[in-house]
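Hi,

As promised, I'm passing the structure on to you. Could you open it up and keep it beside you while you read? My notes follow below.

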Amino acid sequence: MSDQPVDTGKRTWLIASTCAGAVGGVAAAVPFAMSFEPSERAKAAGAAVQVDISALKPGEKMTAEWRGKPVWIIRRTPEQLATLPKLDPQLADPKSQRKPDELTPAYARNEYRSIKPEIFIAVGICSHLGCSPGDKFTPGPQPSLPDDWAGGFLCPCHGSTFDMAGRVFSNKPAPDNLEVPPHMYLSDSVLLIGEDKKA
Ligand code: FES
């Protein structure tokens with residue numbers, strides 16, 4: 001194992017840009033989380049990652065890295081939360097019943113797929129072939145999306161769409177919702193991603 005420092009920003013960008021290349025470009029501007037990094041050796045072994053979310057404003061997203069994967073943290077607005085129940089009929093697995101032990105921890109098996117309704121945490125990797133979906137938070141008609149788009153994510157690789165709770169729309173290539181990783185709150189503003197039990 002190497003103790004070489006790892007450019008985590010670059011690594012996550014590789015996931016996004018691989019997909020972007022396939023479709024001629026996609027906006028994926030995401031600020032990276034300031035986190036209290038464990039050592040690279042510990043991270044490679046899957047150590048949990050602490051993330052301070054105190055600066056995250058409503059409607060914003062930040063990205064942390066856990067086990068080499070991008071983990072999104074989004075502070076959803078009341079308007080975004082209000083759309084979620086209305087979308088159930090259009091979704092493949094609105095109640096997160098598929099592969100629950102793999103994709104949705106018990107504390108996130110609810111309409112919002114989260115512990116606190118406003119804070120959504122998901123692994124930003126499409127359940128189809130592993131591209132990283134792009135943010136499409138603005139509602140309304142726009143390229144590659146339906147006219148009644150309520151805000152969510154679009155995977156540029158093959159067009160799968162997900163709502164603001166990472167739930168996949170029906171009849172898309174992606175079979176499953178985005179994964180909600182194990183996580184817990186250490187305080188109101190500090191999250192621990194990768195672990196959900198107190199030691
Ligand atoms: S990898 Fe996302 S739709 Fe194919």
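The side chain of E111 makes a polar contact of 3.0 Å with the side chain of R167. A second polar contact, at 3.2 Å, links the E111 side chain to that of K95. Please keep in mind that this is a predicted model. E111 belongs to the loop that runs between α4 (100-103) and β5 (119-123). Is E111 buried or exposed? With a relative accessible area of 19%, E111 falls under the 20% cut-off and therefore counts as buried.

Next, have a look at strand β10 (residues 190-193). Both of its faces are covered: V190 and L192 are buried on one side, and L191 and I193 are buried on the other.

Which strands pair with β10? One is β2 (residues 49-52), joined to β10 by 4 bridges and running antiparallel. Strand β9 (residues 183-185) is also antiparallel to β10, with 3 bridges between them. β9 and β10 make up a hairpin, with 4 residues between the two strands.

There is also an open sheet to show you, built from 3 strands in the order β6-β7-β8 with antiparallel pairing. The edge positions go to β6 (134-136) and β8 (161-163); each has a single partner strand, so one side of each is left without a neighbour in the sheet. On average, neighbouring strands here are turned by 30° against each other, direction ignored. Between β6 and β7 (residues 152-154) there are 3 bridges, and K136 has G152 in β7 as its bridge partner.

Last, the empty space inside. Rolling a probe the size of a water molecule over the atoms shows where such space is left. How many cavities of 30 Å³ or more does a search of the whole structure find? The search gives 2. The second largest cavity holds about 40 Å³ of space. Its lining consists of L87, Q90, P146, D148, W149, A150 and F169. By type, that lining divides into 5 nonpolar residues, 1 polar and 1 charged.

Happy browsing, and do write back with any questions.

Best wishes

Methods:
Residues numbered from 1 in each chain as written. Predicted model: local features only at pLDDT ≥ 70, side-chain atom pairs only at ≥ 80, totals over all residues. Heavy atoms only, no water. Pairing = 2+ DSSP bridges. Axes fitted to C-alpha atoms, helices over the stretch in contact; angles between N-to-C directions. 1 Å grid on protein atoms, 1.4 Å probe; cavity = no way out; pocket = protein on both sides within 12 Å on 5 of 7 lines; lining within 4 Å. Points joined across faces, edges and corners; volume = space filled by probe spheres on them. Nonpolar A, V, L, I, M, F, W, Y, C, P; charged D, E, K, R; others polar. Buried < 20%, exposed > 50% of the residue type's maximum accessible area, 1.4 Å probe, protein only. Polar contact = N/O pair within 3.5 Å; in protein donor to acceptor, adjacent residues only side chain to side chain.
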